[in-house]
Amino acid sequence: MDYMTPFTRRVNFDEGTIPDAVAVQERRLADLQGMFADAAAEAALLPTNPLIYRVYEATQNPAIPGQLRYSTTVIYPGTVGGEYFMTKGHYHAQGDRAELYLGLVGEGYLILQTPEGEINVQRMTPGAAAYVPPYWGHRTINVGKGNFAFFACYPADAGYDYGSIAQTGFASIVVERDGQPQVVSNPRFRK
Ligand code: PAN
Ligand code: ZN
């Protein structure tokens, strides 16, 4: 038996970062082009191409059954035409793979959607352990004034299907109304 060597990575609970991450991915507005409901507001912001979020990957564990990977995501505060900064969102390429999120810093929403377009929203604050069941697409949204960060642990072979979300969007979006987050239907949702 070729045993894998155990290891530990430290999560910074104040920042929501993984300082010794094996990879850090940056997602800017250009990477989310076409995903915000207000196309004009998105186009107006595009020249400055703001940083929306970073993903700190703790591992590059092999993408095979039985292995796990874990990471943190830090979403910066801001809106595009009143719609809060958010992740691209995805289904798992292997749809039956679940995932666990744990809120670390700030306040966010986890919005989930079935392939049939059913929506579910979970509020995430530090300590909230939110379960993403098999088959639900998922996106996180920073609805606070500061950074929103969470930890994620998922089967290493889950993979990412970004294409479905890029095509249809989520049926609901989260916008700022009178300074408060509000879940409203997405005018650009294509089923
Ligand atoms: C998370 C996400 C991370 C970034 O680790 O990948 O928060 O979101 P996007 O992948 O949608 O850009 C996860 O759900 N992994 O499966
Ligand atoms: Zn996922």
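**Two loops**

I looked up Tyr135 and found it exposed, at 53% relative accessibility; buried means under 20% relative accessible area, exposed over 50% and partly exposed in between, with a 1.4 Å probe and protein chains only. Tyr135 sits in the loop between β9 and β10 (137-142). Strands here are DSSP runs (E, at least two residues), and helices are H or I runs of at least four, both numbered from the N terminus. I noted that phi of Tyr135 is near 80 degrees, a positive value in a residue other than glycine.

Before going on, I wrote down that this is a predicted model, in which local features need pLDDT of at least 70, side-chain atom pairs count only at pLDDT 80 or more, and totals for chains, interfaces and linings use all residues. Residues are numbered from 1 along each chain as its sequence is written, chains are lettered from A and ligands numbered from 1 in the order in which they are written, and side-chain values use heavy atoms, with hydrogens and water left out.

I then turned to Asp178, which lies in the loop between β12 (172-177) and β13 (180-185). Its phi is near 55 degrees, again positive in a residue other than glycine. At 82% relative accessibility, Asp178 counts as exposed.

**The six-stranded sheet**

In what order do the 6 strands of the open sheet stand? I read the order as β1-β2-β3-β11-β6-β9, with antiparallel pairing. β1 (23-28) and β9 (129-132) are at the edges with a single partner strand each, so one side of each has no neighbour in the sheet. From one strand to the next the twist averages 20 degrees; the axes behind such angles are lines fitted to C-alpha atoms (for helices over the stretch in contact), and angles run from 0 to 180 degrees between N-to-C directions. Two strands pair if DSSP finds at least two bridges between them.

I followed the pairs one by one. β2 and β3 pair in the antiparallel sense over 5 bridges, and Tyr53 stands opposite Ile75 in β3. β3 is joined to β11 by 8 bridges, also antiparallel, and the bridge partner of Thr72 in β11 is Phe151. Strand β3 (residues 68-75) has 6 of its 8 residues buried, so the rest of the structure largely encloses it. Strand β6 (residues 99-105) is tied to β9 by 4 bridges, running antiparallel, and Glu99 has Val132 in β9 as its bridge partner.

**The zinc ion**

Glu99 came up again when I checked the metal. Which residues coordinate the zinc ion (ligand 2)? They are His90 (NE2), His92 (NE2), Glu99 (OE) and His138 (NE2), at 2.1 to 2.3 Å. Donors are N, O and S atoms within 2.8 Å of the metal (3.2 Å for Na, K and Ca), and sites may look incomplete, as water is not among the atoms. In sequence, the donor residues are spaced H-x1-H-x6-E-x38-H. His92 is buried at 8% relative accessible area, and Glu99 is buried at 5%.

**The three-stranded sheet**

Next I found an open sheet of 3 strands in the order β8-β7-β10, with antiparallel pairing. β8 (119-124) and β10 are its edge strands, each pairing on one side only. 6 bridges join β7 to β10, and Gln113 stands opposite Gly137 in β10.

**The cores**

Last, I looked at the nonpolar cores, which are sets of buried Ala, Val, Leu, Ile, Met, Phe, Trp, Tyr and Cys residues joined through side-chain atoms within 4.5 Å. The largest has 32 residues, of which Leu32, Tyr101, Leu110, Met124, Ile141 and Phe150 touch the most other members. β2 (51-57), β7 (108-113), β9 and β11 (148-155) each supply at least two residues of this core. Apart from it lies another core of 11 residues, including Ile18, Leu51, Tyr56 and Val74.
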